[in-house]
Amino acid sequence: MKDFKVTPWEVSGSIDYEKLIKQFGTSRIDEKLTERLERTCGSLHPMLQRGFFFSHRDLNLILDDYEKGKGFFLYTGRKPSKGMHIGHMVPLTLTKWLQDKFKCNLYIEITDDEGFLHKRDYTWSDVQNAATENIADIAALGFDPDRTFIFKDSEYIKNMYPLLLRAAKKITGSTVKAVFGFDDSTNIGLSMYPAIQTIPSMFEKKRCLIPCAIDQDNYWRIQRDIAEGLGFHKTSAIHSRFLPPLQGVEGKMSSSAGAQTAILLTDDEKQVKKKINKYAFSGGKDTVEEHRKLGGDPTIDVPFQWLSIMFEGDDKKLAQIREDYTSGKILSGEMKGILIEKVNEFLVDHRTRKENAEVKKMMYSGKLAKKMWDTIHE
Ligand code: TYM
């Protein structure tokens, strides 16, 4: 087994997700839990049904509280950077689905502080411009404006500060060194940052459910160590795998790894076509004759993987594509063509929704702010 690394700031190598469950001490989303979710929600999102969300912390307690009528709330976030890519849509898409199903409040943290502290070459104005753009992209998912509170850390921090100090007092330097690999060269802003990311999980006295990819779990481990001591619940979380980069099914799509590895939300139709045709790793054979005879391998074919993760929600159609590819009926170029069409459809829709998004209504939504203020200043 090759080495791999998963931290909030670095994901590399061939990720063994089963091993991560053990390493991080999370739980697998097993058949029983999947069935329970389906019973409660009346249906399952394909990302749940196909196991792309594979791990969790205390999701069963969230469902218990929901069934008892206590309810719960959702929390997710985004570190602003210039290129928001389709991988970032994974947790947001499930968050939207969960909000629709459970009709619950949602807090979205825009970590301009983290973006600035983490990226050496980012100026404050770079981060602010990216934040404005990213917020519009997030609002485009169409969250319920009456139940959604989007906030930027640098602006909202004064409201979080008392609780932040209570949390920070409980987290030692050796904990963040061990959990995040900080060392003496880490800037001190970043040393404080993990405490900040735990705070929105305590915006209400109800249980919190955090949809994210597994790289963010380090924060929740810290939150779960301190929350009860502060009078809040340990947070729950639901973790996805990573949408792979164009170059192959290992690692994660990341905008900092170079524009050729990711499809950005701003890519136009020509760019999408060019990137997928030129860079997407194919599980096809070298020649047409060989491919027709032996077929392609969908398990390593990036276009097929993207279709199954995000872009083909219809199980029957997906099974047909898999069969036709494996038998050699569909060639690599044709598989890429199917994906190009789907991605472009998605991006055209996304841009229309972005233009019509109710950004202002969701930023610092007054109704939720008042309730939160009382909770976090208790
Ligand atoms: P950020 O901005 O790096 O990523 C935002 C969310 O996208 C997920 N993600 C991916 N999911 C699937 N495939 C990929 N290739 C991929 N790349 C990124 C991340 O796991 C994350 O859920 N520190 C956070 C911001 C944050 C946050 C939160 C995220 C603050 N509070 C609460 C989740 C939940 C960050 O840097 O995310």
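Guide: Let's begin with contacts along the chain. This is a predicted model, and among the contacts in the protein chain with a separation of 6 or more, 78% are between residues 24 or more positions apart.

Visitor: What does the secondary structure of the protein chain come to?

Guide: The protein chain has 18 helices and nine strands.

Visitor: Now the rings. How many aromatic pairs does the count come to?

Guide: The count comes to 24 aromatic pairs. Take Tyr17 and Phe242, whose ring centres are 6.4 Å apart and whose planes are at 40 degrees.

Visitor: Why is the pair of Tyr17 and Phe242 called tilted?

Guide: Two checks do it. Ring centres have to lie within 6.5 Å to pair, and planes under 30 degrees apart would be stacked while those over 60 would be edge-to-face. With 6.4 Å and 40 degrees, Tyr17 and Phe242 pass the distance check and land in the remaining class, so the pair is tilted.

Visitor: What makes this a link between distant parts of the chain?

Guide: Tyr17 is in helix α1 (residues 17-24), Phe242 is in the loop between β9 (236-240) and α12 (269-279), and the two are 225 residues apart.

Visitor: How do you know whether Tyr17 and Phe242 are buried or exposed?

Guide: Buried means under 20% relative accessible area. Tyr17 has 12%, so Tyr17 is buried. Phe242 has 7%, so Phe242 is buried too.

Visitor: Which class does the pair of Phe180 and Tyr219 fall into?

Guide: Phe180 and Tyr219 are 4.9 Å apart centre to centre, with 50 degrees between the planes, and that pair is tilted. Phe180 belongs to helix α9 (residues 173-180) and Tyr219 to helix α11 (residues 217-226), 39 residues apart. Phe180 has a relative accessible area of 8%, so Phe180 is buried; Tyr219, at 0%, is buried as well.

Visitor: Which residues do ring pairs link into a cluster?

Guide: Trp9, Tyr75, Phe180, Phe182, Tyr193, Tyr219 and Trp220.

Visitor: Why is α11 called mostly covered?

Guide: Count the residues: eight of the ten in α11 are buried. Among them are Asp217, Tyr219, Trp220 and Ile222.

Visitor: Where is His56, and what makes His56 count as buried?

Guide: His56 sits in strand β4 (residues 53-57). The relative accessible area of His56 is 6%, which is under the 20% limit, so His56 is buried. Beyond its neighbours within four places in sequence, His56 is in contact with residues including Thr26, Arg28, Leu33, Ala237 and His239. The C-alpha atoms of His56 and Asp217 are separated by 9.6 Å, though these residues are 161 residues apart along the chain.

Visitor: Why are Asp58 and Tyr364 called partly exposed?

Guide: Partly exposed runs between the 20% limit for buried and the 50% limit for exposed. Asp58 has 21% and Tyr364 has 26%, so both are partly exposed. Asp58 lies in the loop between β4 and α4 (59-67), and Tyr364 in the loop between α17 (359-362) and α18 (366-376). Asp58 has a positive phi of about 50 degrees although it is not a glycine. Tyr364, another residue other than glycine, has a positive phi near 50 degrees.

Technical notes: Residues numbered from 1 in each chain as written. Predicted model: local features only at pLDDT ≥ 70, side-chain atom pairs only at ≥ 80, totals over all residues. Heavy atoms only, no water. Helix = DSSP H or I, 4+ residues; strand = E, 2+ residues; numbered from the N terminus. Contact = heavy atoms within 4.5 Å. Phe/Tyr/Trp six-rings, centres within 6.5 Å; stacked < 30°, edge-to-face > 60°. Buried < 20%, exposed > 50% of the residue type's maximum accessible area, 1.4 Å probe, protein only.
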